[in-house]
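Have the structure open while you read.

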Amino acid sequence: MIRVAIDAMGGDFGPEPIIEGCIQAIDERRFQPILVGDREAILSFLPQYYLEQVEIVEAGDVIDMHDQATNALRRKDSSIYKAVELVREGKADAVVSAGHSGATMTLATLRIGRLPHISKPALATLMPNVNNAKTLVLDVGAVVECKPHNLYEFGVMGEVYAQEVMKISSPRVGLLANGEEESKGNELTKEAFPLMKKIPGFLGNVEGRDIFNGSVEVVVTDGFTGNILLKTSEGVADAIFTMMRQEIRKSLPAKIGALLMKKKVFARLKKQVDYAEYGGAPLLGVNGCAIVSHGSSNAKAIKNAIFQAINYSESNVNKKIEELLIRNNGAQD
């Protein structure tokens with residue numbers, strides 16, 4: 001049975017939505033949850049019925065959102081440190097945290113460790129496209145300063161994740177640039193392009209719009225660009241829904257039309273762009289499984305983050321990444 005260590009104290013709203021998400025996950029999937037944090041606080045939100053199904057690991061410290069990520073290495077009594085250590089020690093298969101994302105990524109990289117032929121991990125996220133499917137984008141924040149071989153490794157990890165977890169047999173991989181031609185892009189993407197050709201599914205350069213039109217399943221970029229892309233996309237989605245509500249309020253026919261579409265069209269659209277549907281972003285390239293969730297995650301997001309951790313742990317992602325890197329003879333020691 002898959003064991004998932006959950007940072008019960010991370011997140012903007014304390015342990016309540018995290019524990020509620022854990023309970024929802026228990027009701028739907030079979031796994032062993034390990035809640036890490038203040039025992040009394042956890043017990044105050046955990047119904048007695050679930051006590052025998054949940055393991056609790058005491059942690060007396062919490063990494064605050066304003067703390068330096070590197071401080072997490074010294075604060076060994078923090079909930080995220082102890083949750084990561086459970087994976088490092090083999091007592092858990094995966095860790096899920098909605099706490100300090102920098103601390104989570106730092107601890108996962110340095111304590112769990114990287115895969116043997118991966119030089120830098122990548123944070124991957126799912127974004128909606130017009131095919132009613134998802135596009136995997138990486139990196140979205142783990143590595144701000146990238147080298148060409150980092151982008152190549154991101155492409156390998158993205159392709160394998162799409163195959164093993166997303167169940168796409170032949171995923172198409174694109175390198176994000178300012179044009180489709182091989183000559184387009186900056187120095188980083190131009191140098192990465194010939195390395196990317198070693199990836200079986202690599203199609204070439206793609207533009208930002210290709211993330212959403214479904215022309216590729218995996219888009220590779222550096223963490224600086226990817227993080228801006230992610231936050232801009234979230235802002236655009238929120239702005240569009242706000243403008244739609246404002247326009248609908250202006251006329252009675254619009255209100256009637258919106259009411260008729262609410263249950264079908266609007267509900268499906270909202271589900272497509274709702275972060276809670278994805279739950280969190282896997283940190284690819286670590287020798288285990290780490291899911292980084294948004295600080296404002298609600299119970300639904302935590303539940304789906306746990307499901308991501310289970311699916312990842314049940315797959316052969318890490319083994320297949322290593323195999324492809326070695327087969328391509330492109331591993332960076």
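1. A quick definition before the voids: a cavity here is a set of grid points where a 1.4 Å probe fits but cannot get out, and a residue counts as lining if it has an atom within 4 Å of such a point. Keep in mind that this is a predicted model.

2. How many cavities of 30 Å³ or more turn up? The count is two.

3. Around the largest cavity you'll find Asp 7, Gly 10, Val 62, Ile 63, Ser 79, Ile 80, Gly 99, His 100 and Thr 104. By class, that lining splits into three nonpolar, five polar and one charged.

4. The second largest cavity has Gly 10, Gly 11, Asp 12, Phe 13, Gly 14 and Pro 17 in its lining, along with Ile 18, Ala 98, Gly 295, Ser 297 and Ile 302. Here the tally is five nonpolar, five polar and one charged.

5. Now for Glu 159, which sits in helix H5, spanning residues 148-164. Glu 159 is buried but makes no salt bridge. Which side chain of opposite charge is nearest to Glu 159? That would be Arg 327, 6.7 Å away.

6. As for what does touch Glu 159, leaving aside residues up to four places away in sequence, the contacts are Pro 171, Val 173, Ile 199, Pro 200, Gly 201, Val 218 and Leu 324.

How values were computed. Residues numbered from 1 in each chain as written. Predicted model: local features only at pLDDT ≥ 70, side-chain atom pairs only at ≥ 80, totals over all residues. Heavy atoms only, no water. 1 Å grid on protein atoms, 1.4 Å probe; cavity = no way out; pocket = protein on both sides within 12 Å on 5 of 7 lines; lining within 4 Å. Points joined across faces, edges and corners; volume = space filled by probe spheres on them. Nonpolar A, V, L, I, M, F, W, Y, C, P; charged D, E, K, R; others polar. Helix = DSSP H or I, 4+ residues; strand = E, 2+ residues; numbered from the N terminus. Buried < 20%, exposed > 50% of the residue type's maximum accessible area, 1.4 Å probe, protein only. Lys, Arg positive; Asp, Glu negative; His and termini not counted. Salt bridge = Lys/Arg side-chain N within 4 Å of Asp/Glu carboxyl O. Contact = heavy atoms within 4.5 Å.
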